[in-house]
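Please walk through this model with the coordinates open.

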Amino acid sequence: YQPVRRRLLADPGVTVKTASGDGGGAKDVENPTGPGIATDLSFRELRQADWKQFDAIAFCGYKCEEYVGPSPKGATAGQLIRTALDAGKPVGGICVG
């Protein structure tokens, strides 16, 4: 996540918003004992956001449980993917390595 974020932010026209299932923060696999990654939105807040402000959505992470399956977070992630695709936005995923 961090290398991709740094590369995106090197472009002055790019803004990166980070969301997690619960909001409030995410673990940084590269630095697991560090402060973590601050998030701007929870999945629920992202689902309710104006999608005109976003060009794409990418799911990044080590464990996919937050994004798939019958859990509430998985259901919300599925709704986010459908919303993005319906709006014609690219959807991607980045995992470890």
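Which residue forms a salt bridge with D22? K73 does, and the closest N and O atoms are 3.0 Å apart. A salt bridge here is a side-chain nitrogen of Lys or Arg within 4 Å of a carboxyl oxygen of Asp or Glu. By this rule the count comes to one salt bridge.

This is a predicted model, so some limits apply: local features need pLDDT of at least 70, side-chain atom pairs count only at pLDDT 80 or more, and totals for chains, interfaces and linings use all residues. Residues are numbered from 1 along each chain as its sequence is written, and side-chain values use heavy atoms, with hydrogens and water left out.

Helices (H or I, at least four residues) and strands (E, at least two) are DSSP runs, numbered from the N terminus. K73 is partly exposed, with a relative accessible area of 29%. D22 is exposed, at 61%. The cut-offs are under 20% relative accessible area for buried and over 50% for exposed, with partly exposed in between (1.4 Å probe, protein chains only).

Now follow the strands. Strand β3 (residues 57-60) pairs with strand β4 (residues 91-94) in the parallel sense, over four bridges. Two strands pair if DSSP finds at least two bridges between them. F59 stands opposite G93 in β4. The chain crosses from β3 through α3 to β4, and this β-α-β crossover is right-handed. Right-handed means that, with the strands pointing away from the viewer, the path from the first strand over the helix to the second runs clockwise.

Next, the interior. In soluble globular proteins, nonpolar side chains tend to be buried together. The largest nonpolar core here has twelve residues: L41, F43, L46, A49, W51, F54, I57, F59, Y67, A77, L80 and A84. Such a core is a set of buried Ala, Val, Leu, Ile, Met, Phe, Trp, Tyr and Cys residues joined through side-chain atoms within 4.5 Å. Helix α2 (43-47), β3 and α3 each supply at least two residues of this core. The largest share, three residues, comes from α3. Leaving aside neighbours within four places in sequence, A84 is in contact (heavy atoms within 4.5 Å) with W51, I57, K89 and V91.

How many aromatic pairs are there? The count is two. Rings of Phe, Tyr and Trp (its six-membered ring) pair if their centres lie within 6.5 Å; planes under 30 degrees apart count as stacked, over 60 as edge-to-face and the rest as tilted. F43 and F59 are edge-to-face, 6.3 Å centre to centre with 80° between the planes. This pair links distant parts of the chain: F43 is in helix α2 and F59 in strand β3, 16 residues apart. Both F43 and F59 are buried. The rings of W51 and F54 have centres 5.5 Å apart and planes at 65°, so this pair is edge-to-face. W51 and F54 are buried too.

Last, return to α3. T76 is found in this helix. Is T76 buried or exposed? T76 counts as buried, because its relative accessibility is 13%. Not counting residues up to four places away in sequence, T76 touches F43, R44 and R47.
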